[in-house]
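Open the model in your viewer and keep the selection tool ready. We will go stop by stop.

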Amino acid sequence: MFSAYEKEAFIKAVAELLSNDERAQNSNYRIGESEFDFGFFQTKAILAGEDLDVRRTLTTDKFLKTLAKKLGKCELRNLLDGKCHANRTLSCCKGEQQIICNPYDPYRSYDGSCNNLDHPNWGKRGSALKHPFAPCYSDVVSKPARSKSGAPLPQNRKLIVELAEFLKQSGPKESSSLNMFMVFFMETVNSDMIGRANKRAHCPTKGFRGCRADGQDRSAFVSTLSNPLRVSPNDPYYGMFGVRCLNFSPQEKANDRCELKHVPERNMESSYLDLSSMYGEVPHYDANGKLPLFHCGATEPITNSEPIAVHFIAVSGLFSKLHNYCVDRVGCCPQSKGSVAERCRALTIGVYQKIVYEQLLPLLFGEELYNLAGFNCEYNPYEECAVSQVYKNGPGRFPHVWIPDQLAYKYQGKTQWRPLNEYFHNHESFDCTSTLAGALETPIETGRLVDAIVHKFYTTDGQRGTCMPCIDLARNRDSGLCPLVTYKHFIEQIAGEESKCYNTFEDLKDMFSPELVNFMAQHYEHPGDIDVLFSGLDRRAYPGANMPKLVSQSACLEFKRLKCTDRFFYTWNPNLGEGAKHLIEILDFTALYALFTEMDEVPLEPFLVDGPKVPASEVRKYLESVDYLYCQI
Ligand code: HEM
Ligand SMILES: [Ca+2]
């Protein structure tokens with residue numbers, strides 16, 4: 001029957017793609033310009049070279065959904081686990097596009113291809129995330145997981161609102177010395193390793209609707225491009241506005257080889273930490289090798305990303321400005337060989353990787369875990385550079401809870417506290433130095449889910465917004481992630497730790513406070529039902545770490561893989577000159593602040609509030625004294 005199912009799947013896939021294209025053209029299906037969430041779920045276009053991949057993925061998806069109806073769960077699971085036939089693919093997938101690499105090319109590609117010479121596709125933009133173990137869809141292929149009893153999991157928005165209320169009442173009250181600059185830098189890193197892939201059509205859109213513009217109900221124009229979240233009429237916040245529906249867009253999978261296996265989502269960035277979201281998919285420089293820059297140093301791809309706060313632009317702008325600064329310096333050298341743009345790009349990426357691995361990660365993980373994790377690896381060409389599906393839709397989103405209600409804006413030496421949502425709109429009305437200076441002074445929020453993310457995220461009128469943790473939970477469930485305790489066992493196995501079983505809610509006391517255990521017992525049927533997103537509520541932590549234990553273990557695995565599988569990682573990139581190596585040692589955020597902002601005093605510890613500062617002029621003077629190094633990059 002396989003070939004009949006395949007034919008049927010192909011027809012369904014083509015029909016869906018055609019209908020998506022039609023809907024992208026029809027304004028009834030699109031979120032309108034006057035609506036608060038215009039742009040929030042924006043979709044990229046399916047480009048000419050990507051057509052076939054998208055269609056094959058969708059065909060296989062339809063095929064697997066048919067199998068889910070015809071086969072028993074056990075049979076289907078064995079098939080997708082590869083236990084019946086190795087590497088089985090659909091017949092429509094014959095013929096693979098070959099990428100030819102030049103092993104002597106001294107520079108990275110822009111899409112990540114050819115970083116691994118034996119597997120040119122590894123880490124490339126458009127590749128699949130990875131399932132470290134089989135997902136837990138209730139029908140094995142696509143339907144959301146259910147509770148042990150078979151009942152649906154707790155209702156999304158209700159669970160999040162009640163969790164927010166619980167944390168307000170009895171959550172931990174400690175404060176942190178980490179600042180929001182660090183969070184926006186982490187967001188920059190995140191956007192470099194994971195690119196969102198909402199389901200696409202051939203023309204880009206600012207988002208497809210699932211809800212009516214007034215939010216009071218689902219829209220008549222709901223389609224496969226949207227999957228709106230329900231809100232109860234008794235909702236403590238949205239109830240009074242009559243909002244019963246929140247927009248939400250499902251994401252695209254990536255199975256371009258039509259494999260019969262568990263299929264993860266598509267990553268629209270290269271996985272490598274190569275500033276791909278800043279540099280873009282193809283080189284784009286002026287005649288001198290400089291990046292054309294917009295407000296706060298935004299490159300064109302950064303200008304086109306949404307939803308983003310002006311801080312995110314300003315942080316990535318520090319790196320694009322470094323690129324251009326380098327081009328200016330190299331231009332003054334008596335002789336220079338090779339592409340100036342590419343050598344400055346390699347330097348900029350080197351500085352950025354150094355900050356991530358030598359400054360950010362030790363601070364997040366604490367010394368013990370940092371040393372335990374084995375970041376001192378050598379280049380490993382045998383492992384694929386990929387981000388895991390569970391990290392992306394579960395523990396990797398943990399830093400969202402650090403977002404506060406208000407962020408400081410330090411204009412002409414005076415601090416104003418402004419609500420979060422303001423920074424997402426009219427970016428050009430913000431002064432970039434004041435924005436960054438404010439982020440340095442704003443401590444992260446710990447232990448609470450603030451109204452600015454639970455009710456008013458991305459609002460334009462200060463009242464009606466969307467619910468970011470609800471979107472996170474919806475992503476967790478949509479992508480079929482297995483429960484928290486399953487993931488915990490998986491990590492424990494890797495870390496060589498002992499595992500215990502969780503049969504009763506009481507058993508959770510090793511990782512949750514007694515009050516939280518109570519909360520969970522009131523909402524879930526069984527401890528084994530709790531969603532992995534709540535790994536962020538783990539109260540255990542490694543000594544000196546700034547993240548909960550399970551989250552930091554998860555992040556460790558990802559960052560270790562991204563480093564050790566990168567042939568051009570700055571510590572072993574043979575194509576960096578002596579000047580570049582030296583500059584990478586010298587340049588950090590203190591230097592970038594001194595060079596590219598108007599601050600009189602710049603922080604020595606840029607990720608901490610109230611850290612020590614030094615006069616920017618002194619830093620600049622020192623940096624000028626090493627300008628000669630640019631001639632040897
Ligand atoms: C103020 C800072 C941040 C804002 C406003 C923000 C906002 C968002 C938004 C709107 C999404 C898309 C949600 C969806 O449709 O699935 C998202 C996704 C995500 N965020 Fe954040 N985020 C921030 C910081 C961070 C940080 C610091 C991290 C962790 C390093 C992070 C990790 C993620 C991950 C893993 C995803 C899913 C992948 C993706 O869609 O890019 N975010 N974030
Ligand atoms: Ca990248």
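Select Leu275. Leu275 sits in the loop between strand S2 (245-246) and helix H6 (276-279). This is a predicted model, so read every angle and distance on this tour as computed from that prediction. Check the backbone: phi of Leu275 is positive, about 55°, although the residue is not a glycine.

Now jump to Gln412. Gln412 also has a positive phi, near 50°, and is not a glycine. Look for Gln412 in the loop between strand S3 (406-411) and strand S4 (414-419). Gln412 has 7 C-beta neighbours inside 10 Å, so it counts as exposed. The limit for that label is 12 or fewer.

One more backbone stop. Select Glu306 and Pro307. The peptide bond from Glu306 to Pro307 is cis, with omega near -5°. Pro307 belongs to the loop between helix H7 (300-303) and helix H8 (310-331).

Next, select Arg30. The loop between helix H1 (2-25) and helix H2 (51-70) holds Arg30. Arg30 counts as buried because 21 C-beta neighbours fall inside 10 Å. Which residues does Arg30 contact, leaving aside neighbours within four places in sequence? Show Thr205, Lys206, Gly207, Phe208 and Arg209. For a distance check, pick the C-alpha atoms of Arg30 and Ser277. These two residues are 247 apart along the chain, and their C-alpha atoms are separated by 25 Å.

Move to ligand 1. The shell around ligand 1 has 17 residues. Start with the nearest: Met186, Glu187, Arg196, Gly396 and Pro399. Then colour helix H5 (180-193) and helix H13 (468-478), the elements that each give two or more residues to this shell. H5 supplies the largest share, 5 residues. Colour the shell by class: 9 residues are nonpolar, 3 polar and 5 charged.

The largest nonpolar core has 148 residues. Select Phe181 and Leu347, which touch the most other members of this core. Helix H9 (residues 340-372) gives the most to the core, with 15 residues. Where does the core lie relative to domain 1 and domain 2? Colour domain 1 (1-97 + 196-208 + 248-264) and domain 2 (156-180 + 389-413 + 435-565). Both give residues to this core, so the core lies between them. There is also a second, separate core of 19 residues, with Ile46, Leu58, Leu76 and Ala201 among them.

Go back to Leu347 and show its partners. Beyond residues up to four places away in sequence, Leu347 touches Cys326, Ala580, Leu583, Ile584 and Ile633.

Finally, zoom out. Switch to cartoon: the protein has 19 helices and 6 strands. Along the principal axes, the C-alpha trace spans about 70 × 60 × 55 Å. Among contacts with a separation of 6 or more, 74% join residues 24 or more positions apart.

Methods:
Residues numbered from 1 in each chain as written. Chains lettered and ligands numbered in written order. Predicted model: local features only at pLDDT ≥ 70, side-chain atom pairs only at ≥ 80, totals over all residues. Near = placed C-beta within 6 Å. Helix = DSSP H or I, 4+ residues; strand = E, 2+ residues; numbered from the N terminus. Nonpolar A, V, L, I, M, F, W, Y, C, P; charged D, E, K, R; others polar. Buried ≥ 20, exposed ≤ 12 C-beta atoms within 10 Å, placed from the backbone. Contact = placed C-beta atoms within 7 Å. Core = buried A, V, L, I, M, F, W, Y, C linked by C-beta atoms within 7 Å. Domains from an automatic or database assignment.
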